[in-house]
Amino acid sequence: NLGQNELSYLPENVFQYTPNLYYLLLNGNNLETIGVRVFRDLQRLIQLSLYENAIFSMVEGALYGTTSLFYLQWNFDPSDISSGNSLICDCSALWLHRYIQEKGRRIETTVYCAGPPDLNGTDITALSEEHFGCDDLSEDSLQMRVEPSCDSLVVRRGGCLRVTCTSTPSGRTSWTRLGRSSTAVAAHTCRSYSSCVAQSGESELVIGDASDQDVGNYICTATLKNVTTAVTCHVSLGEPPSVDLGPRDQYLGWPGDTAYFRVRVSGQPHPSVEWHHESPHGTRSR
């Protein structure tokens, strides 16, 4: 039970070492987006509770790995959309509608639309595909690529991070900084963020002079005609590895004695340590 824990972000593949989860309660947190690989490893999951968050984006395919899912709690009830998750039932949500329809009677859901206005409060299962406004989803569906990968967005304190988001086919792309109130990333001079809303299918996020205030979630959104897709990235601060306590020389009195070398290192992410033995016979790693 991870409910009521003020969680604001779920890393991709976060549940890869817990494939036997049957119940996952994430309700009552501060989640705003769900990435495509967050639940990918939960093939035995039966119940997923997401209500009382602030989720407005769940990337296409985010539930494809949950083949055993029986109960999806997106909203607590229709009134929950005013203060909880806000799913816009446009073309970007068609994949979720199809996922639920394909499971048929094998799944119970509480998924209600927060928009467009004429669908506000409507149960997604009551809609037909025509309601989602997709002329030709297979032709206009967007693929997105983020470089460097969203799995490794770590910037050194005081350093600079550049992240490029590209859509194929070429659509309108933009970056948004996520918080309880989501805001578009504004242009600044070196300090903090600069970005552009690009018509060419490529948008660059720049974080300069990185500090604690830059840590958080960023979403790149791509739109082409009436199709919208998004990818969420988490930016964290990292520190270069350093040796806080180095090894000391050891003197052995007798053949067969054992020498112990100790070091203490720091850094973020935590660095790994390798030992190398140099001798007239060559160098060996340990």
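This is a predicted model: local features need pLDDT of at least 70, side-chain atom pairs count only at pLDDT 80 or more; totals for chains, interfaces and linings use all residues.
Local features need pLDDT of at least 70 and side-chain atom pairs count only at pLDDT 80 or more, while totals for chains, interfaces and linings use all residues. Residues are numbered from 1 along each chain as its sequence is written, and side-chain values use heavy atoms, with hydrogens and water left out.

Most residues other than glycine have a negative phi, and most peptide bonds are trans. Against that background, the bond from Glu147 to Pro148 is cis, with omega near -5°. Pro148 sits in the loop between β9 (143–147) and β10 (154–156); strands are DSSP runs of E of at least two residues, and helices are runs of H or I of at least four, numbered from the N terminus. Positive phi values occur at Gln4, near 60°, and at Asn13, about 65°. Gln4 lies in the segment before β1 (23–25) and is exposed at 54% relative accessibility, whereas Asn13 is partly exposed at 27% (buried: under 20% relative accessible area; exposed: over 50%; partly exposed: in between; 1.4 Å probe, protein chains only).

Turning to the rings, the whole structure holds three aromatic pairs (Phe, Tyr or Trp, the last by its six-membered ring, with centres within 6.5 Å; stacked under 30 degrees between planes, edge-to-face over 60, tilted for the rest). Phe15 and Phe39 are stacked, because their centres are 6.2 Å apart and their planes at 15°. This pair links the segment before β1 with the loop between β2 (33–34) and β3 (47–49), 24 residues apart. Phe15 is buried at 7%, and Phe39 is buried at 0%. Tyr64 and Trp95 pair edge-to-face, 5.7 Å centre to centre with 85° between the planes.
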